[in-house]
Amino acid sequence: MRDIHTHIFIRISFSDSRITLRTTCNGAMMSSNTTTCVSTEEEERMFEYETQHLGFTPKAFCNGVYNAALEYIQKAIQEMETYLSEEYSTVMTPTQIKEACEVILSTMVSKLDKNFDIIETYLTKNVLTIPDNVLLPEDKAQAGETYSAEQEDVLDTEIQDLKDKILALKYANSKLKQEMNLIDIVQARFDQAQKQLQRLDDINSDSGVSDMKDCLMFTSQKVLELVSKVKAMQVKDKSSTMETDPRDRHTHKSSTMETDKRD
């Protein structure tokens, strides 16, 4: 019945056997005697008027009292264990003392859970509650006002419209966050490229190159000139080869004929 999602007490006086005295189920509360989980939002709806008046939910108050009592029990058992270890170390071993204190702690916590469930039920139903016929001072201004079914329908429509607008704004904010993340990635890449360009400028400056653009244009022009010269040389070589080939064939034919005559 108690929401202990922000206070999960663990026994710290016995390091060898730690036990969890209160657990939670997915952010909701769960009593030691029941498996029913009640969400915090549902609890706030159940005790909305009480929370408006008290400034806290009745169960939050009960949780504080329970946690204080549990803390006192833990400290008392811890002090008892220390006292027994110092005064009766010759009668009982440290293991026996620790096991005995664990049994006492478990018994006291079980009794506390059982009795506090009764106290909590009584407080939430009879003390920390506002009867249905009681109106808080800040709400008395609306005591004489009544609303028709049509007016309530209009209010419900306006509330739904506001909820839709809130959802649309949340979606827009999500898209904007994605765009901002993308912009950050692009900016990081741009900064990296700018650093690389700056590094190249520094290298050019150290090498005595004043203008990188002019240097690249001059170098590309020289390369094109060299390519043109190489092509011209290749064409010249081909033409000279074609001119020398007929003479070579004629000389070879004459030498062959002279050899035949000798034979």
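1. Helices here are DSSP runs of H or I with at least four residues, numbered from the N terminus. By that rule, Asp153 sits in helix α5 (residues 149-207). Keep in mind that this is a predicted model: local features need pLDDT of at least 70, side-chain atom pairs count only at pLDDT 80 or more, and totals for chains, interfaces and linings use all residues. Residues are numbered from 1 along each chain as its sequence is written, and side-chain values use heavy atoms, with hydrogens and water left out.

2. On to the inside. "Buried" means under 20% relative accessible area, "exposed" over 50%, and "partly exposed" in between (1.4 Å probe, protein chains only).

3. What about salt bridges (a side-chain nitrogen of Lys or Arg within 4 Å of a carboxyl oxygen of Asp or Glu)? The whole structure has 3 of them. One joins Glu120 and Lys59 at 3.6 Å, N to O. That pair links distant parts of the chain, with Glu120 in helix α4 and Lys59 in helix α3, 61 residues apart. Both Glu120 and Lys59 are buried.

4. Glu71 and Lys75 also pair up, their closest N and O atoms 3.4 Å apart. Both lie in helix α3, 4 residues apart, about one turn of the helix. Glu71 counts as partly exposed because its relative accessible area is 33%.

Methods. Helix = DSSP H or I, 4+ residues; strand = E, 2+ residues; numbered from the N terminus.
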